[in-house]
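Please read the points below with the coordinates open beside you.

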Amino acid sequence: MTRRVLPGFRLSLGITLVYAAIIIMLPLAALIFKAASLGPVDYWRIVSSERAVASYMVTVGSALVATLFNLVFGLALAWVLVRYRFPGRRIIDALVDLPFALPTAVAGISLTTLFATNGWFGSVLSQIGVKVAYTPLGIMVAMAFTSLPFIVRTVQPVLEELDPALEEAGQTLSAGDWSIFRRVILPLLAPALLAGTSLAFARSLGEFGAIIFIAGNQPFETEITALLAFIRLEEYDYPAAAAIASVMLIAAFVMLAVTNILQARALRYTVKG
């Protein structure tokens with residue numbers, strides 16, 4: 001008879017379903033129910049308003065840029081932390097998790113202080129005509145800061161488990177470093193990269209506290225969707241807030257579904273290869 005660590009399938013499944021229903025499904029159901037109370041015409045009027053569409057473009061555009069930056073920088077950072085040993089490596093490795101531990105409001109205030117025109121970084125950038133705080137670039141910086149750990153911590157374990165013999169085999173066949181990375185390492189990292197990128201993008205879409213301090217929050221320019229939903233809440237327009245939030249919820253579900261499909265294909269390719 002097989003001995004199980006958990007106290008039984010039925011009990012474990014029941015606890016899991018109750019937890020998921022209370023913590024995940026109940027808030028989502030309340031959001032959908034409140035948005036559905038508007039009716040199709042009013043719902044479409046709210047989610048397709050000029051201000052709402054502008055907030056979608058600011059949010060999604062900034063999230064895309066921040067995610068692409070983290071995809072390159074996060075992969076490079078994970079590579080350095082895994083493949084090299086140098087003084088201060090443990091400190092840098094610990095700093096990667098700082099956005100997880102730091103309250104987002106504190107992160108927003110810190111970034112605003114650093115990138116304001118009189119800040120340490122902002123004063124230098126302003127001399128070459130680059131303004132970060134209270135611009136879309138500031139939103140991208142805040143998103144990149146809060147979402148970087150998702151890519152690093154997703155890719156890092158896979159890099160640690162890669163067999164060095166694969167790279168050595170490529171070197172014996174006279175393949176260059178770039179060719180080995182592109183044809184050997186990158187396909188093995190693809191599922192982890194997809195997972196980390198999707199998590200980073202989702203975090204960027206939903207980020208609020210770190211952005212509102214550095215964005216400037218100007219409608220049609222630096223106003224994100226989460227802030228617009230919060231403004232509707234402050235106006236006690238709960239159906240409108242739910243409608244705007246539901247758009248981001250739908251976008252997140254679609255993104256995760258597409259990512260899972262791509263990740264499954266990448267895993268199938270890796271297994272066959």
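1. Asn 217 is partly exposed, with a relative accessible area of 27%, where buried means under 20% relative accessible area, exposed over 50% and partly exposed in between, for a 1.4 Å probe and protein chains only. Asn 217 sits in the loop between α11 and α12, and its phi is near 55°, a positive value in a residue other than glycine. Helices (H or I, at least four residues) and strands (E, at least two) are DSSP runs, numbered from the N terminus.

2. A word on provenance: this is a predicted model, in which local features need pLDDT of at least 70 and side-chain atom pairs count only at pLDDT 80 or more, whereas totals for chains, interfaces and linings use all residues. Residues are numbered from 1 along each chain as its sequence is written, and side-chain values use heavy atoms, with hydrogens and water left out.

3. Tyr 236 belongs to the loop between α12 and α13, just after α12, and at 63% relative accessibility it counts as exposed.

4. For the chain as a whole, there are 13 helices and zero strands. Of its 273 residues, 35% count as buried. Contact means heavy atoms within 4.5 Å, and of the contacts with a separation of 6 or more, 76% are between residues 24 or more positions apart.

5. Thr 59, placed in helix α3, is buried, with a relative accessible area of 1%. Its side chain reaches the backbone oxygen of Ser 55 at 2.8 Å, and a polar atom of that side chain lies 2.9 Å from the backbone nitrogen of Thr 225. The term polar contact denotes a pair of N or O atoms within 3.5 Å; within protein, one must be able to donate a hydrogen and the other to accept it, and residues adjacent in sequence count only if both atoms are side-chain atoms. Not counting residues up to four places away in sequence, Thr 59 touches Met 143, Leu 205, Ile 224, Thr 225 and Met 248.

6. Thr 225 is also one of the buried residues of helix α12 (residues 225-234), along with Leu 227, Leu 228, Ala 229, Ile 231 and Arg 232. As background to such a list, an α-helix has 3.6 residues a turn, so residues three or four places apart point the same way.

7. Two residues of helix α10 may be set side by side. Ser 198, in α10 (residues 177-206), is buried, with a relative accessible area of 7%; a polar atom of its side chain lies 2.8 Å from the backbone oxygen of Ala 195, and, residues up to four places away in sequence not being counted, Ser 198 touches Met 255 and Thr 259. Leu 194, also found in α10, is partly exposed, with a relative accessible area of 27%, and its C-alpha atom is separated by 9.5 Å from that of Val 155, 39 residues apart along the chain.

8. A nonpolar core is a set of buried Ala, Val, Leu, Ile, Met, Phe, Trp, Tyr and Cys residues joined through side-chain atoms within 4.5 Å. The largest has 23 residues, of which Ile 139, Ala 142, Met 143, Ile 211 and Ile 224 touch the most other members. Two or more residues of this core come from each of α3 (50-83), α6 (104-115), α8 (136-161), α10, α11 (209-215), α12 and α13 (238-272). Apart from it lies another core, of 18 residues, among them Leu 81, Val 96, Val 152 and Ile 185.

9. Which residues lie nearest the centre of the largest pocket? They are Phe 73, Leu 111, Ala 144, Phe 145 and Leu 148, out of 24 lining residues. A pocket, on a 1 Å grid over the protein atoms alone, is an open set of points where a 1.4 Å probe fits, with protein on both sides within 12 Å along at least five of seven lines, and lining residues have an atom within 4 Å of a point.

10. The lining of the second largest pocket divides into 17 nonpolar, two polar and one charged, and α13 gives the most to it, with eight residues.

Key
Nonpolar A, V, L, I, M, F, W, Y, C, P; charged D, E, K, R; others polar.
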